[in-house]
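Here is a short note for a colleague who is opening this entry for the first time. Please keep the sequence and the structure in view while reading.

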Amino acid sequence: MDENSPLFAIAVAAELAGMHPQTLRQYDRLGLVSPRRTAGKSRRYSMRDVAQLREVARLSSEGVSLEGIARILQLENQVSALAARVQELESALAEEVLNRPGRRVFASSMEGETVPLRHGTRTSRRTEVVVWRPGSRHHPELPTLD
């Protein structure tokens with residue numbers, strides 16, 4: 001059973017939320033809380049619906065208008081959906097990194113470009129040393145930089 005399972009008839013949900021059943025009907029009409037319906041069109045409230053009804057009651061007691069409450073609930077639901085999506089994407093990314101560990105390895109070429117490397121390989125290293133001295137651009141003992 002999860003928090004979104006439609007379990008409670010309107011009378012039980014109203015009691016759990018500390019409200020009159022008529023208030024729940026009004027909130028349903030206004031779209032503040034939208035319970036699921038049975039085949040016979042009876043409302044069925046989930047634990048999430050009950051928590052949302054309690055939130056509506058709290059905000060209302062603080063003087064927030066019903067329009068304001070509707071907007072707050074809409075934004076909270078949007079944040080919840082986005083957080084779930086972020087978690088889903090983080091899981092997919094972690095799985096991808098685990099399944100393809102070498103795909104994210106790269107090095108820099110002599111021209112400054114990024115070069116992908118296979119997992120477990122290294123770039124070839126150059127071992128020559130170039131000495132630079134100011135004003136000795138074409139000194140006979142030193143390699144040229146051209």
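The numbered points below go from the overall fold to helix pairs and then to single residues.

1. Basis. This is a predicted model, in which local features need pLDDT of at least 70 and side-chain atom pairs count only at pLDDT 80 or more, while totals for chains, interfaces and linings use all residues. Residues are numbered from 1 along each chain as its sequence is written, and side-chain values use heavy atoms, with hydrogens and water left out.

2. Overall fold. The protein has 4 helices and 4 strands. Along the sequence they follow the pattern α-α-β-β-α-α-β-β. Helices (H or I, at least four residues) and strands (E, at least two) are DSSP runs, numbered from the N terminus. Of the 146 residues, 21% are buried. Buried means under 20% relative accessible area, exposed means over 50%, and partly exposed lies in between (1.4 Å probe, protein chains only). Among contacts with a separation of 6 or more, 41% join residues 24 or more positions apart. Contact means heavy atoms within 4.5 Å.

3. H1 against H2. Two packed helices are described by the angle between their axes and the distance between the axes. Helix H1 (residues 10-17) packs on helix H2 (residues 21-30) at about 100°, with the axes 8 Å apart. Axes are lines fitted to C-alpha atoms, for helices over the stretch in contact, and angles run from 0 to 180 degrees between N-to-C directions. H1 and H2 are therefore roughly perpendicular. Angles under 35 degrees count as roughly parallel, over 145 as roughly antiparallel, 65 to 115 as roughly perpendicular and the rest as oblique. H1 contributes Ile10, Ala13 and Ala14 to the contact, and H2 contributes Pro21, Leu24 and Arg25. By class, this contact has 5 nonpolar, no polar and 1 charged residues. Ala, Val, Leu, Ile, Met, Phe, Trp, Tyr, Cys and Pro count as nonpolar, Asp, Glu, Lys and Arg as charged, and the others, Gly among them, as polar.

4. The buried side of H1. Which residues of H1 are buried? They are Ile10, Ala13, Ala14 and Ala17. They cover an arc of only 100° around the axis, so they lie on the same side of H1. The arc is that of the directions from the helix axis to the C-beta atoms. These buried residues pack against H2, strand S2 (43-44) and H3. After H1 comes Gly18, with a positive phi near 75°.

5. H3 against H4. Helix H3 (residues 47-61) and helix H4 (residues 66-99) pack at about 140°, with their axes 10 Å apart. H3 and H4 are therefore oblique to each other. On the H3 side the contact is made by Arg48, Gln52, Glu55, Val56, Leu59 and Ser60; on the H4 side, by Ile69, Ile72, Leu73, Glu76 and Asn77. These residues divide into 5 nonpolar, 3 polar and 3 charged.

6. Glu55. This residue sits in H3. Is Glu55 buried or exposed? Its relative accessibility is 19%, so Glu55 counts as buried. Leaving aside neighbours within four places in sequence, Glu55 is in contact with Leu73 and Glu76.

7. Lys41. Most residues other than glycine have a negative phi. Lys41 has a positive phi, near 75°. Lys41 lies in the loop between strand S1 (36-37) and S2. At 62% relative accessibility, Lys41 counts as exposed.

8. Ser108. Strand S3 (residues 106-108) holds Ser108. At 55% relative accessibility, Ser108 counts as exposed. Ser108 and Thr123 are 15 residues apart in sequence and 9.0 Å apart in space, C-alpha to C-alpha.
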